[in-house]
Amino acid sequence: MSIRVHVPIEQAEWSVQPPAEWVRKRSVDWAWRPGEGQGFGFLLIDEQHHVTSQALYVRTVKMLTSLSAVQTQSQVVVEFDPAAQRLQLHELAIWRMSAEGAWQKREPVAKEAFLLRQREQQFEQQMLKGYVSLVALLEDVRVGDVIDLSWTLLPREPLPGLLFTALHFLAWSVPVATYCLALTGASGCDLRWRLHTPDGAAVPVETSEADGVSWRYDRPPMFQAEGNVPGGHWPFPVLEATCWQTWGQVARFFAELWPMRQPTRPKASPPKRNAWPTAKPAPRP
């Protein structure tokens with residue numbers, strides 16, 4: 001049984017706004033290039049959690065180095081769950097190197113260029129996610145251009161008592177120059193985290209900050225998934241973070257939430273007894 005609520009695409013909430021004040025600006029390594037034969041790569045992937053509000057800021061800076069990448073990556077998609085999230089789009093812009101060798105940012109894409117789309121990819125398997133996608137088709141994109149996209153996901157209707165939890169798998173199948181992850185705004189929350197790093201793997205650099213912690217992972221190795229690998233085997237760093245203290249605390253929260261999500265059903269009437277007619281005695285001969 002599911003307690004999931006589906007929201008029509010017409011009720012999905014999204015807007016164009018500047019980033020919040022708690023978002024930190026990250027630098028981009030403009031000198032980095034994807035390896036030979038790679039159609040595209042990320043100069044920067046930046047993810048920042050605001051623990052108290054449970055908002056997630058994301059920025060991706062993607063370089064296109066082949067014609068096929070231009071064709072496949074010119075359609076920008078941001079997916080979110082309208083039943084649980086509100087989307088704030090900050091900016092979508094293209095950077096292009098000038099004849100003098102300087103990177104120049106073109107005019108950001110206007111809000112009117114974005115469309116909401118909903119497509120259930122697993123509909124045939126009777127699995128509905130309810131997600132919607134904010135889509136923009138970029139024009140005049142060339143080999144060597146860089147697509148700079150940033151957005152924030154916020155809770156649509158925050159549940160009282162629901163604490164922060166995050167799980168990040170630090171693995172990518174395409175080249176990445178720099179990955180940044182931050183947990184900020186953690187004042188008043190007993191935030192705990194654990195970074196699992198396999199033996200011999202590079203360890204992201206951890207930095208303690210006034211209201212949280214951050215990690216920086218430069219030149220992470222590309223990950224290629226293998227078949228028949230046990231589910232608990234992760235040959236890459238994995239970060240777990242939470243403000244929950246015990247599993248009992250989690251169980252109590254969801255035990256109280258479950259009855260609130262159950263649909264109200266009318267009480268069933270007791271079954272009626274069949275009224276069989278009284279049999280009449282057979283006449284005597």
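Over which ring does the charged end of K62 sit? Select K62 and F40 in this predicted model: the ring is that of F40, and the charged end of K62 lies 5.5 Å from its centre.

Next, select K111 and W14. Here K111 lies over the face of W14, and the distance to the ring centre is 5.2 Å.

Now turn to contacts between rings. The model has 12 aromatic pairs. For one of them, select F169 and W234, an edge-to-face pair with 5.2 Å from centre to centre and 85 degrees between the planes. The pair counts as edge-to-face because its angle is over 60 degrees. Colour by secondary structure to see where each partner comes from: F169 belongs to strand β10 (residues 165-169), while W234 is in the loop between β14 (212-218) and β15 (238-242). The two residues are 65 residues apart, so the pair links distant parts of the chain.

F169 has a relative accessible area of 40% and is partly exposed. W234, at 35% relative accessibility, is also partly exposed.

Then select W244 and F253. Their rings form a tilted pair, 5.6 Å centre to centre, with 55 degrees between the planes. Buried or exposed: which describes W244 and F253? Both residues are buried, so each has under 20% relative accessible area.

Terms used: Residues numbered from 1 in each chain as written. Predicted model: local features only at pLDDT ≥ 70, side-chain atom pairs only at ≥ 80, totals over all residues. Heavy atoms only, no water. Phe/Tyr/Trp six-rings, centres within 6.5 Å; stacked < 30°, edge-to-face > 60°. Helix = DSSP H or I, 4+ residues; strand = E, 2+ residues; numbered from the N terminus. Buried < 20%, exposed > 50% of the residue type's maximum accessible area, 1.4 Å probe, protein only. Lys NZ or Arg CZ within 6 Å of the ring centre and 35° of its normal.
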